[in-house]
Amino acid sequence: MVSAVLAVLASVFAGGAAANADATCPTPPTVFPEQNLHPGMTGTGMTVIQGTTQTPFDVKILGVQQDGIAPGIDFILAQITGPQSFLDVTGGIVAGMSGSPVYIGGQLVGSTSYGFPFADQTIMGITPAQNMVDLFSLPDSSAARATSESIATARTVRLSPELRAAVARAAGRSKASAAPGVARQLATPVAVSGLNDRARALMQRFIRNKLHRQVTLVPAGGTSRGAPAPTPIAAGDSLTAAISYGDVTAAAIGTATVTCGDMVVGFGHPFNFTGATTLGMSGARVLQVIKDPSTIAGGYKFALITGLHGTVDQDRLEGIRGVEGVLPTFSFVSSHARNLDIPGRFHNGFSKVADNTFMAAVAPMNMLNGEDVAFDRVGDGSIHETWTVRGTGPDGTPFTLRRDNRYYSPVDATFEGIFEPAIELDSIQSSRFGTATISSVSTTSEVTQDQLTTSIQKVLVASGLEPGLAERRTLKVSPGDTIRMRVQLLNHGGTTPSTVNMTIHIPQRASRSGELSFGSGGLAFGGGGTTFADMLRRIRSAPHQYDLVARLFVGGGPGGPPGIPAAAAASHPIHREVVVHRDRVVTGRHSVRIVVVRPGHHGTGGGGGSATTP
């Protein structure tokens with residue numbers, strides 16, 4: 001059912017190709033000549049602080065620092081001087097104002113893009129207009145991914161002594177040394193809907209790792225499905241670069257600075273700084289400016305992401321560029337969650353992802369959102385999850401990965417289950433075999449407040465040298481021997497244990513002692529493998545938390561695995577594993593020391609093991 005729904009929704013929401021050379025800027029806008037700027041000049045900025053209506057604010061130029069942002073990109077220092085009604089709402093510059101255009105005499109000076117943390121919030125930095133207008137002519141094929149070092153360099157501006165003195169005067173400080181000497185790119189609020197606080201904090205850590213930037217996830221005013229918007233974005237309007245739409249809507253909020261033809265440029269600084277990119281371009285409706293009277297963290301715009309306008313196709317030092325009417329090629333996430341305790345309590349969720357690199361964040365969050373709605377509580381419980389991942393591998397070969405697992409948590413059942421899918425998705429997208437693309441992820445979940453666990457109560461072992469099944473801390477074996485095992489398991493709340501019989505064979509080359517351990521299978525982390533296909537095979541076949549697993553580790557001798565010299569075989573360990581599926585999470589651990597006795601009984605060597613469940 002989920003697959004069918006996914007296919008239908010994919011056909012409904014499918015976007016076109018990413019923005020291409022059809023994007024045009026027939027007549028680049030004229031800008032205010034930067035060389036004509038001088039301290040004391042006044043202008044007007046435009047931004048949205050309520051709804052979708054633009055609000056003007058007064059700006060005074062304080063100075064210009066050549067190559068202040070980067071070689072060829074000057075830094076314009078300015079101050080918001082009013083009106084008082086604007087300052088009463090904002091306190092000065094706030095996150096989400098990035099890109100707000102500033103004009104003198106109707107000509108564009110640049111965009112409000114930099115601020116001073118822990119200082120007067122009316123002081124700001126402007127990215128020059130011409131550098132932003134030049135983004136209109138940037139070829140669509142240009143792609144350059146910045147390093148974390150270049151991002152760190154670009155996000156700060158160290159002021160010259162002259163500009164630092166200007167900041168001091170504007171802030172009413174008597175000494176320049178008392179004024180901040182470093183301006184920073186305005187924080188980019190990433191508005192997220194559909195997540196509670198604990199999930200939002202986890203997604204924030206993931207996005208920070210992806211962006212190598214200190215972004216702040218803030219709650220969005222609602223959920224956007226990314227439906228097409230009828231009216232093009234204008235300079236001064238809210239502009240968002242969206243990662244995803246749907247149950248999990250996540251988008252960076254800023255402001256459009258300038259438009260030309262069917263293109264829009266905004267922010268005045270990068271979001272992800274990837275060069276060529278594919279993000280959804282949308283508008284926003286500002287519900288409120290959350291003011292920060294302390295000036296420590298800075299205020300931000302609390303907004304609702306609105307209609308889909310097109311694609312953000314460039315993410316550069318001077319800002320982001322988007323193209324109206326050209327939709328991203330989306331990947332799709334669907335989820336179905338059911339509450340086993342309350343008949344009829346379920347949730348079907350759907351999100352579409354514009355930037356495929358964020359599938360490893362959006363898909364688990366979409367699943368968690370549905371599970372929280374279906375469970376209708378945060379607390380102890382058990383959950384059974386199944387997920388299907390489809391995409392193309394690094395060589396373009398299609399793949400399908402299906403995996404399931406069971407989890408129990410005495411604290412937060414639904415949160416417990418998102419880590420394994422997230423790790424596997426990230427492993428797929430960042431494997432050492434190359435870049436893979438995930439086209440869809442579908443998940444199903446069943447959650448209950450019951451504790452569905454079974455614990456290891458007793459383990460009996462025997463061998464050819466010690467033939468009677470008994471509880472032992474040490475077991476003597478000989479090369480070629482067979483270890484017999486009987487494990488007693490007791491379901492939580494039960495009184496009658498069940499018994500599982502298992503065997504493991506000792507290879508002939510075993511020569512040193514080791515350990516036989518019993519426990520659950522745990523999680524599949526996606527590591528290892530000689531090829532991408534082999535990595536997927538290892539994920540699929542990895543033991544689960546609902547598996548009873550007996551693991552044997554002993555030292556080896558001559559006659560080791562192919563390709564290993566005889567001299568090195570003695571240091572190559574022997575690992576054997578027997579797996580028995582259960583219908584509950586297996587808890588508890590047990591271990592037995594294995595002592596290999598040579599010479600001894602020489603039976604037939606073996607590979608793995610076998611098990612029976614009476």
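This is a predicted model: local features need pLDDT of at least 70, side-chain atom pairs count only at pLDDT 80 or more; totals for chains, interfaces and linings use all residues.
Local features need pLDDT of at least 70, side-chain atom pairs count only at pLDDT 80 or more, and totals for chains, interfaces and linings use all residues. Residues are numbered from 1 along each chain as its sequence is written, and side-chain values use heavy atoms, with hydrogens and water left out.

An open sheet is formed by five strands, in the order β23-β30-β26-β27-β28. Its pairing is mixed. Strands (E, at least two residues) and helices (H or I, at least four) are DSSP runs, numbered from the N terminus. Two strands pair if DSSP finds at least two bridges between them. The edges are held by β23 (474-477) and β28 (574-581). Each has a single partner strand, so one side of each is left without a neighbour in the sheet. From one strand to the next, the twist averages 20°. Within this sheet, β26 (residues 512-520) pairs with β30 (residues 590-596) in the antiparallel sense, over five bridges. E515 has R593 of β30 as its bridge partner.

Strand β8 (residues 182-185) pairs with β5 (residues 107-115) in the antiparallel sense over two bridges. There, Q185 in β8 is the bridge partner of Y114. Strand β7 (residues 156-158) also pairs with β8 in the antiparallel sense, over three bridges.

Helix α10 spans residues 532-541. Its buried residues (under 20% relative accessible area, 1.4 Å probe, protein chains only) are F532, D534, M535, L536 and I539. The elements covering them include β20 (398-409) and α9 (419-429).

Methods:
Axes are lines fitted to C-alpha atoms, for helices over the stretch in contact, and angles run from 0 to 180 degrees between N-to-C directions. Buried means under 20% relative accessible area, exposed over 50%, partly exposed in between (1.4 Å probe, protein chains only). Contact means heavy atoms within 4.5 Å.
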